[in-house]
Each structure stands twice: as C-alpha cells, then as structure tokens.
Amino acid sequence: MARPDKEAAVAELAGKFHDCGAVLLTEYRGLTVAELRELRRSLAGHAEYTVVKNTLAAIAAREAGLEAFADDLKGPTALTFVTGEPVEAAKALRDFAKDNAKLVVKGGVMDGNVLDSAEVEKLASLESREVLLAKAAGAIKASLSKAAYLFVAPASKAVRTVDALREKQETAA
C-alpha cells in the first residue's frame, strides 16, 4: 500500500481501538471463507471481526497506548473489536472455537488491561450482564425484605405482648 493509504488504515484502526470496549485476538490459520463468514455472523451485534496486517495493527495499538498488546501481534492474527458486551463476544469466539479447532483465541485487551487466552476463557465463562443484574436485584430485594421484617417485628411483638397481658388480666379478673 502507498504511505497515505497506510496512514489512513492506521488512523482507522487506532480509532477502533479507542472506540471499542475490548479487543480480542484470534489466530484464524486454516479457516475457510465460509467459516469466517459464519464466525462474523455469530459476532454480529457484539463485535466486528477484522483481519488486518500485523504491522499496521501494532502501530495503531501503540498509538492507542496499548504497547503490551502490540507485542502479541504475530502470525496470522485477526482482531475482534467488541462494541457490545465483551462477555458475549468472548462466548461467541469460544463456542466457535469448540466447533472449529483451527480458530485459536490468543488473548486481548479490555479496559486497558492485557488479557491472555486463559483470562479470555474466564471472561467467556461469566454469565451475561442481564443475568448478573437480575441476581443483584434479587439479592437487594431479599435484603430489603429482611430489613422490612426487622422494622415490623418490634411492633408486632409489642402487639402480641399487649394481647397476652390483656388476656392474662381478663382470666385473672
């Protein structure tokens, strides 16, 4: 490519690094075009799967402040720019890799932290955001119910005590 084209490609990649929530690295050696198309469909809505030159991606990563990430760009590497939930994109890559052993998840970066393949696997094993929010809401509701019971308990205990005293006085009289 001519130098202006390379500069434009690097600027575009650096913009993607800044705009996305996470970037996941995969090795795609041996995958067919049809398999890559299937992978892109499974990532639709969560991420953009892009094959770029490693040198251009490394320059863009350094411009975005991800020097450690740039060192992982060796061999046939594709970038997954995650625009949605990183957990969903990691799950889609993990599930596709289970069916297609040729796809290897190499690592990534999320919130400025470099991830290795094991950490990406841990990310994929997390529950979705909606499930975690539902669990948090359930825990909060349970705590509020306990608190409400504790606030009502002294009043109801006082009423039972007064009733017991009243009955005792009635039987004594």
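Which residue's side chain meets that of Glu-12 in a salt bridge? I looked and found Lys-16, at 3.8 Å, N to O; a salt bridge here is a side-chain nitrogen of Lys or Arg within 4 Å of a carboxyl oxygen of Asp or Glu.

Ground rules first. I am working on a predicted model, where local features need pLDDT of at least 70 and side-chain atom pairs count only at pLDDT 80 or more, while totals for chains, interfaces and linings use all residues. Residues are numbered from 1 along each chain as its sequence is written, and side-chain values use heavy atoms, leaving out hydrogens and water.

**Salt bridges.** I noted that Glu-12 and Lys-16 sit four residues apart in helix H1 (residues 3-19), so about one helical turn separates them. Helices (H or I, at least four residues) and strands (E, at least two) are DSSP runs, numbered from the N terminus. Next I followed Lys-16 to Glu-48, another salt bridge, at 2.7 Å, N to O. Glu-48 belongs to strand E2, so this pair ties together parts 32 residues apart in sequence.

**Accessibility.** Lys-16 counts as buried because its relative accessibility is 19%, whereas Glu-48, at 37%, is partly exposed. The cut-offs are under 20% relative accessible area for buried, over 50% for exposed, and partly exposed in between (1.4 Å probe, protein chains only).

**Helix H7.** I also looked up Asp-163 and Arg-166, whose side chains form a salt bridge at 3.4 Å, N to O. Both lie in helix H7 (residues 129-172), three residues apart.
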